[in-house]
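Me: I would like to learn how to read a protein structure step by step. Could you take me through its features, giving the general idea before the particular case?

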Amino acid sequence: MRNTFQRRHSLWHERILFSGYFQFLLGVLFVTLLPFWQFVFFNHSGKLSDSLYINTLLSEMACFCLAFIIIRQIRHFPGAQQSVVYILPLLAIIWLVIVSGMPYLRVEYIRQPLLISYIFANIWSVTAFYIRKRFRAPKLALVPLGRTESLSMNPELQLYTLDAPDLQGRRYDAIVADLHFDQIPAAWEKFLAKCTLSNIPVFHYRQIEEMLTGRVSIEHMAENDIGTLTPSPMYSIMKRFFDAILVFILIPLILPVVIVTGLLIKLDSKGPVFFIQERIGYRGKLFNVYKFRSMHIDIEGEGYTNENNDPRITDIGRIIRKYRIDELPQLVNVLKGEMSFIGPRPESKELAEWYEDMIPFFSYRHVVRPGISGWAQVNQGYTADLKGMEKKLQYDFYYIKHFSIWLDVLIFFKTIRTVLTGFGAR
């Protein structure tokens with residue numbers, strides 16, 4: 001059995017090269033020890049104290065370890081393995097936060113090795129990303145029964161359909177089957193049992209589908225793939241605390257943008273600066289959401305925004321919508337605890353009632369605080385029709401199922417891309 005049932009990464013060189021321990025040790029050498037050694041070797045003055053050297057080395061280690069942990073955690077989410085967009089800003093923020101915090105802790109350090117360490121970290125992380133993307137796409141074998149045929153080829157995975165209940169000497173990372181299919185022949189059941197005994201993971205096709213799409217498909221709440229229907233209460237409390245802290249940090253920075261935007265709106269068209277609308281929020285409670293007004297007040301239109309062709313949108317409105325500037329007043333909602341920075345977008349009362357008539361379990365998305373940005377927004381963009389809402393709801397369910405700081409970090413960096421490119425604007 002050992003000769004015919006093997007995992008693809010059982011080869012010793014692949015096991016070493018793609019081991020997290022090996023990558024961590026190699027990263028420590030390249031990102032922390034090499035810049036530090038380079039500085040010490042070429043610093044002939046000998047006037048620096050030992051404490052400066054130690055503080056600098058520890059700071060480099062702290063930056064790299066934090067970056068390594070976060071990158072390894074968020075790369076498991078859909079799309080993260082195919083996009084390098086989050087790595088460079090992530091590294092910049094980590095180094096900036098640690099370096100900025102050291103003076104407050106009265107810790108002295110040497111700037112040059114920390115700067116070199118930051119540069120090396122970028123080189124290391126991007127290189128490792130492309131090596132893994134090129135050589136380490138998981139290789140999965142599909143059991144051709146039930147609904148596994150719904151899985152399509154994807155650059156993040158190598159999918160191979162088996163012709164018979166036999167691996168034929170090939171190595172695979174996992175087997176994918178429709179484990180709920182009620183007509184699995186005995187030969188295939190025996191095959192799946194052998195794979196499990198040989199330490200080859202066997203996944204239900206829904207798990208792989210979720211990993212590829214970033215959506216959780218639910219037809220009835222009674223048969224869901226979410227697990228517990230209540231997200232982590234501990235992380236909810238932590239998130240509320242960090243939301244409030246971040247608002248106090250951002251307010252002085254965005255105040256000039258708010259003032260200029262308000263003046264431009266008044267000059268562009270008649271009407272109030274702010275748009276206030278009643279929406280459904282956390283636990284189904286109604287609240288008033290604040291936005292910069294981006295529409296004319298004297299032009300009729302549909303009950304919802306018709307993407308880029310809505311005549312109600314003002315010239316300034318198109319710009320502030322594209323770059324999400326119209327959302328800035330919602331910091332007030334975040335401070336009040338009605339919203340979070342990240343979560344499912346709150347819907348108006350009328351739309352929510354309409355959606356719930358069509359999708360009975362629509363209200364489940366209110367189990368977490370709504371957000372200024374969310375998993376659906378950075379993956380799908382804006383949608384107003386029922387079919388698009390069903391897809392958006394699947395993204396929201398994925399977010400609720402994987403409710404964690406790691407997914408929020410990934411959404412944060414994807415939101416930066418959204419703001420810079422205007423993707424999903426409305």
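Predicted model: local features only at pLDDT ≥ 70, side-chain atom pairs only at ≥ 80, totals over all residues.

Me: How do I describe two packed helices, and at what angle do the axes of α2 and α3 cross?

Reply: Two packed helices are described by the angle between their axes and by the distance between those axes. In this model, helix α2 (residues 20–42) and helix α3 (residues 50–74) have axes that come within 10 Å and cross at roughly 150 degrees. Angles over 145 degrees count as roughly antiparallel, and α2 and α3 are therefore roughly antiparallel to each other. Their crossing is right-handed, and the residues making the contact include Gly 20, Phe 24 and Phe 36 of α2 together with Tyr 53, Leu 57 and Phe 64 of α3.

Me: What is the angle between α3 and α5, and which residues of these two helices meet?

Reply: Helix α5 (residues 111–135) packs with α3 at an angle of about 25 degrees, and their axes are 10 Å apart. Angles under 35 degrees count as roughly parallel, so α3 and α5 are roughly parallel to each other. α3 passes α5 in a right-handed crossing, and among the residues that meet are Thr 56, Ser 59 and Ile 71 in α3 and Pro 113, Leu 114 and Trp 124 in α5.

Me: How should I read a sheet, and which strands stand at the edges of the open sheet of 4 strands?

Reply: Strands of a sheet pair through backbone hydrogen bonds, either parallel or antiparallel. The open sheet of 4 strands has the order β3-β2-β5-β6, with parallel pairing. β3 (158–161) and β6 (202–204) stand at its edges, and each has a single partner strand, so one side of each is left without a neighbour in the sheet. From one strand to the next, the twist averages 30 degrees. Within this sheet, 4 bridges join strand β2 (residues 139–142) to β3, and Leu 142 has Thr 161 in β3 as its bridge partner.

Me: Which helices lie across this sheet or pack on it?

Reply: Helix α6 (residues 186–197) lies across β5 (174–177) and β6, and runs at about 150 degrees to β5. Helix α7 (residues 205–213) packs on the sheet, where it touches β2, β5 and β6, and its direction makes about 75 degrees with that of β6.

Me: Do β7 and β8 run parallel or antiparallel, and how many residues lie between them?

Reply: Strand β7 (residues 274–280) and strand β8 (residues 286–292) run antiparallel and are joined by 7 bridges, with Phe 274 standing opposite Phe 292 in β8. The two strands form a hairpin with 5 residues between them, and in the turn Arg 283 has a positive phi of about 60 degrees.

Me: How many disulfides does the structure hold, and is Cys 63 buried or exposed?

Reply: A disulfide is a covalent bond between the sulfur atoms of two cysteines. The structure holds 0 disulfides, and for Cys 63 the nearest cysteine sulfur, that of Cys 65, is 9.5 Å away. Residues under 20% relative accessible area count as buried, so Cys 63, at 0% relative accessibility, is buried, and Cys 195 also counts as buried at 0%.

Note on methods. Residues numbered from 1 in each chain as written. Heavy atoms only, no water. Disulfide = S-S within 2.5 Å. Buried < 20%, exposed > 50% of the residue type's maximum accessible area, 1.4 Å probe, protein only. Pairing = 2+ DSSP bridges. Axes fitted to C-alpha atoms, helices over the stretch in contact; angles between N-to-C directions. Parallel < 35°, antiparallel > 145°, perpendicular 65-115°, else oblique. Left-handed = near helix turned anticlockwise from the far one by under 90°. Contact = heavy atoms within 4.5 Å.
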